[in-house]
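Take a moment to look over the whole chain before reading on. Then follow the text from one part to the next.

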Amino acid sequence: MDPHFEPEYFAHGRLLWRFEGSDAVRFSPRLAWGMVEGAAEISAGAGWLWDPFSGAGLIPAVARAFFASAFVGIAASDASLAAVETTVKNLALVSDLEAAAKRLAHVRGLRGQNPKSDRRWGEVAAYLERLLPNIEAAASIAREARVECALAHEQLPRLAGEAGAALYIVGDAPYGRGSELLGPPIDAIVQGWVDEPSVAYVDLVCTPQQLATLSAGEGVTARSGRGGRARWTYVRA
Ligand SMILES: C[S@@+](CC[C@H](N)C(=O)[O-])C[C@H]1O[C@@H](n2cnc3c(N)ncnc32)[C@H](O)[C@@H]1O
């Protein structure tokens, strides 16, 4: 793991911007790292990374900050406009010095409430300062980023047609508590991915109930993990 990646600061409500309701869809930074790393190893600079359920944009932000050269471009989409707007801000925050300076000023402005909050936001500000060389490096790797408000199954044909490279899908499925799945059920969405020849790879975190509806077969690994989370991975042969 890159020593500049300090997962505790990528946890929800610290370094990255959030939006109203995003508390309910918080995701593990370590897991985000592992998922992006898995896709990056196979893509090796040739494919697009796409997070179809981006929420606040943790997964694409980790990709943009630490794995930019592993992908031709990074795409993120979500059915919620607030989520998409936050993803745009978080992708900028990790790959644009001006956007990072804006976040730094905001974080510094959160101090002055009480000693605990001062310490907390002071640590985030110090981490962001430590991250500036990474942000500068990410800025110098001019990869395309696409962030759009779209339902996952509607965005696939657009991306498959326009990206012009294999798609590496990495995502955290809506699981019902804080984020309801809109549109078709997850098995239909995932089948659409497998049926699309330009999809080279899928790594989806979901619930065990969702996992039970997803297909087995060649290239598929399905496993139930900790904390009620399951994971469905597909690698095209
Ligand atoms: C579990 S959250 C993702 C959280 C994200 N990993 C993060 O760190 O913020 C799932 C997201 O899927 C979105 N969503 C629900 N149904 C969708 C659909 N059919 N297509 C695209 N996005 C959808 C929700 O708005 C929500 O932001």
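The expected span of a helix is 1.5 Å times one less than its number of residues. Keep that rule in mind for helix α6, which covers residues 115-140. This is a predicted model. Helix α6 has 26 residues. From its first C-alpha to its last it reaches 38 Å, close to the 38 Å expected.

Yet α6 has a bend. Where does α6 bend? The bend is at leucine 132, and its angle is about 45°. A proline, proline 133, follows within four residues.

Now look at the sides of this helix. An α-helix has 3.6 residues a turn, so residues three or four places apart point the same way. In α6, the buried residues are Val124, Ala125, Leu128, Leu131, Ile135 and Ala138. What do the buried residues of α6 pack against? Their partners are α1 (7-10), α3 (58-66) and α5 (97-109).

Lysine 116 lies in α6. Lysine 116 counts as exposed because it has 8 C-beta neighbours inside 10 Å. Its C-alpha is separated by 45 Å from that of glutamate 154, which is 38 residues apart from it along the chain. Alanine 139 is also in α6. With 18 C-beta neighbours inside 10 Å, alanine 139 counts as partly exposed. Leaving out residues up to four places away in sequence, alanine 139 touches Ser95, Asp96 and Leu97. Alanine 139 and alanine 24 are 115 residues apart in sequence, and their C-alpha atoms are 30 Å apart in space.

Turn next to α3, one of the partners of α6. Is α3 mostly covered or mostly open? It is mostly covered, with nine of its nine residues buried. Among them are Leu58, Pro60, Arg64 and Phe66.

The loops come next. Aspartate 23 sits in the loop between α1 and α2. Aspartate 23 is exposed, because 12 other C-beta atoms lie within 10 Å. Aspartate 23 and histidine 12 are eleven residues apart along the chain, and 7.1 Å separates their C-alpha atoms. Further on, alanine 44 has its place in the loop between α2 (29-43) and β1 (47-51). Alanine 44 is not a glycine, although it has a positive phi of about 45°. It counts as exposed, with 10 C-beta neighbours inside 10 Å. Glutamine 113 is in the loop between α5 and α6. Glutamine 113 also counts as exposed, with 10 C-beta neighbours inside 10 Å. Between glutamine 113 and leucine 159 there are 45 Å in space, C-alpha to C-alpha, and the two are 46 residues apart in sequence.

Finally, find the strands. Why is strand β5 (residues 199-206) largely enclosed by the rest of the structure? Seven of its eight residues are buried, so the rest of the structure largely encloses it. β5 has strand β4 (residues 167-172) as a partner, and the two pair in the parallel sense over six bridges. β5 also pairs with strand β7 (residues 230-235), here in the antiparallel sense, over six bridges.

Strand β6 (residues 220-224) is another case. Of its five residues, the number buried is zero, so β6 lies largely in the open. β6 and β7 pair in the antiparallel sense over five bridges. Serine 224 has alanine 230 in β7 as its bridge partner. The hairpin of β6 and β7 has five residues between the strands. In this hairpin, glycine 227 takes a positive phi near 65°.

Definitions and conventions. Residues numbered from 1 in each chain as written. Predicted model: local features only at pLDDT ≥ 70, side-chain atom pairs only at ≥ 80, totals over all residues. Buried ≥ 20, exposed ≤ 12 C-beta atoms within 10 Å, placed from the backbone. Pairing = 2+ DSSP bridges. Bend = angle between axes of the 7 residues up to and from the residue. Contact = placed C-beta atoms within 7 Å.
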